[in-house]
Amino acid sequence: MPSTREMRLRIRSVKNLAQVTRALETVSASKVRKAMNAYGATRPYAEKAWKVLVHLARQPGHQSLHPLLTERDSIERVLVVMISSDRGLAGAYNVNILRHTLDLEKQLGKPVDYIAVGRKGRDMLVRRRKHLIADFSDLPAAPSFMDVSAIGRLVVKEFLERRVDQVFLSYTEFFTMIKQVPTTHKILPLEVVYGGKGPNSTNHRTSSVFTYEPDQNQILDEIIPRFTALQVYKAILSSQASEHAARMVAMRNATDSANELVDVLQLDYNKVRQQSITNDLLDIAGGANALSSAS
Amino acid sequence: MPIRCEIVSQDRVVFSGDVDMVILPGADGVMGILPNHSPVLTTLNYGIITVRKKSTDQVFTVAGGIAEVQPDQVTVLADAAENVLEIDVQRAEAARKRAEEALKAEVSLDSDRYLRLQAALKRSHLRLEAARKYRGGPKFGS
C-alpha cells in the first residue's frame with residue numbers, strides 16, 4: 001500500500017488534469033461554432049459559382065468539353081488530398097480519416113499520390129511510405145480562402161499536366177457535435193450530372209442567350225479552378241469543425257474518467273487512512289496493556 | 001426598374017441590394033450596366049466596381065473574378081472584394097512594402113511564388129489607389 005501522502009498527491013494531480021481537460025472541452029466547443037460560421041459564409045459564392053458553371057457546361061453546340069470537365073479514358077494515377085489536424089488529443093479523429101483514405105486507395109487499386117493537409121495526417125502517411133507530393137501543415141486556426149487557394153491551384157496543375165487522372169478529397173464531414181463522418185469526394189474531373197439527386201446533380205436551366213467575354217472556354221478556365229479551390233476550402237472548414245467536435249467529446253470523456261478515478265482514489269485513500277489509524281490505536285492499546293500487566 | 005446586384009467573394013457576401021447602375025471592370029474594358037442590359041458573362045480585371053443608386057455611389061475594389069449580367073440582375077463572383085470604406089490603408093501599405101521587398105530580395109524565385117507575390121503587390125496597389133481616390137465623404141458621379 002502506498003503512503004497516505006503519496007495518495008493525496010495523486011488525487012490532487014488527477015483533479016488538476018480534470019480541470020485542464022474541462023477547459024479544453026469548452027475551448028473546442030466555441031471553435032466548432034466558429035468553423036461552422038465560416039463554412040456557412042461560403043454558401044452564397046458556392047451556389048452562384050455552381051449556377052454559372054452548370055450554365056456554361058450545358059451550352060448547346062459546346063462539343064469539346066473543357067479539359068477539367070472531361071473524364072479520361074484510362075486512369076493511371078490518382079491524387080488524394082487528405083485533410084487531418086495539426087494537433088492530437090482529438091480521439092479517433094485522425095485515425096478514422098486515415099483508415100478511410102487507405103480504404104479508398106484499396107478500392108481504386110491505382111497508384112496514388114498524396115497531398116497532406118495537417119501534420120498528423122502527414123506523419124501517418126510518411127510512416128506508411130506513401131508517395132507524398134505536397135504538405136500543407138500549420139494552417140492558421142481560422143484559415144481564409146487566400147490561405148488555402150494554393151492547394152486548389154496545385155491540384156488543378158497536377159491534373160492539367162496529366163500527372164494524375166483523377167483527384168479525390170478525403171475529409172471529415174461535420175454533421176452534429178457527436179456525428180462526424182469521414183468522406184471522400186471526387187473533385188476533378190468535375191462532374192455535372194443533370195437530373196437526379198447526387199451532390200453534383202442539377203435541374204438548372206437557362207434559356208437566355210449570353211454574350212461571353214472573352215469566350216466560354218476562358219471563362220471556364222477561370223471558374224473551374226476557383227470552384228475546385230472552394231471545394232477544398234469547404235472541406236477544410238468542415239474538417240476543422242469535426243476536429244474540434246471530436247476533441248470536445250474526447251475531452252469530455254477524459255474529464256469524466258478523471259472524475260471517476262478521483263472517486264476511486266478517494267475511497268482507497270480513506271481505506272488506507274482508516275487502516276493506519278486502526279494500527280495506531282492497536283499499538284496504543286497494546287502498549288497500554290503491556291504497561292498495566294507489567295505493573 | 002432597379003437591378004438586383006450581388007457581390008460575393010469566397011468567404012462572404014460583400015454587397016447585396018437593388019441599384020440603378022453598376023460599373024465593373026470587364027475583360028474587354030470597363031462596362032456600365034443599366035437595367036435591361038443583354039445577358040453577358042465576363043471575367044473581371046483588377047479594378048473598381050461602382051454601384052450607383054440615386055446618384056449615390058458605393059465603390060468596391062475587386063481583384064479579378066467573374067460577373068454574370070442578366071436584364072434585371074448582376075452577380076459578381078469576386079476573388080477578393082472590399083468596400084473602399086473598409087480598406088485598412090496602413091495594412092495595405094504594409095502589404096505593398098512587404099511584397100515589393102520580397103520581389104527585390106529574392107533573385108531566384110520560382111515562377112509560382114513570383115506570380116503570387118506579384119498578385120499581392122497588384123492587390124495592395126489597387127487598394128491604396130482606390131482608398132486615395134474615393135475616400136472622404138460620399139461621392140457623386142465617378
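Contact here means that heavy atoms lie within 4.5 Å of each other. The exercises below concern a predicted model.

**Exercise 1. Work out how many residues of chain B and of chain A are in contact, and which parts of chain B supply them.**

Solution. Begin with the count: applying the 4.5 Å limit, one finds 29 residues of chain B in contact with 27 residues of chain A. Next, consider the area, for the two chains bury about 2400 Å² between them, and 63% of this lies on carbon and sulfur atoms. On the side of chain B, the residues that lose the most area to chain A are B:Gln10, B:Leu41 and B:Leu77, which together make up 30% of what that side buries.

Then turn to the charged and polar pairs. There are 2 salt bridges between chain B and chain A, and one of them joins the side chains of B:Glu6 and A:Lys48 at 2.4 Å, N to O. Across the interface, 4 residue pairs are in polar contact, with both residues at pLDDT 80 or more.

**Exercise 2. Decide whether strand S7 (residues 73–78) of chain B is largely enclosed or largely open, and find its partner strands.**

Solution. A residue is called buried when its relative accessible area is under 20%. Because 5 of the 6 residues of S7(B) are buried, this strand is largely enclosed by the rest of the structure. As for partners, strand S1 (residues 3–9) of chain B pairs with S7(B) in the parallel sense over 6 bridges, and here B:Glu6 stands opposite B:Thr75. Strand S6 (residues 56–70) of chain B pairs with S7(B) in the antiparallel sense, also over 6 bridges, with B:Val69 opposite B:Val74. A hairpin through 2 residues joins S6(B) to S7(B).

**Exercise 3. Describe the open sheet of 5 strands in chain A and the helices that lie across its strands.**

Solution. First write down the order, S3-S2-S1-S4-S5, and note that the pairing is mixed. The edge strands are S3 (131–136) and S5 (179–188), since each pairs on one side only. Within the sheet, S1(A) (residues 78–83) and S2(A) (residues 112–117) run parallel and are joined by 6 bridges, A:Tyr114 being the bridge partner of A:Val80.

Methods: Residues numbered from 1 in each chain as written. Chains lettered and ligands numbered in written order. Predicted model: local features only at pLDDT ≥ 70, side-chain atom pairs only at ≥ 80, totals over all residues. Heavy atoms only, no water. Buried < 20%, exposed > 50% of the residue type's maximum accessible area, 1.4 Å probe, protein only. Helix = DSSP H or I, 4+ residues; strand = E, 2+ residues; numbered from the N terminus. Pairing = 2+ DSSP bridges. Axes fitted to C-alpha atoms, helices over the stretch in contact; angles between N-to-C directions. Buried area = accessible area lost by both parts, 1.4 Å probe. Salt bridge = Lys/Arg side-chain N within 4 Å of Asp/Glu carboxyl O. Polar contact = N/O pair within 3.5 Å; in protein donor to acceptor, adjacent residues only side chain to side chain.
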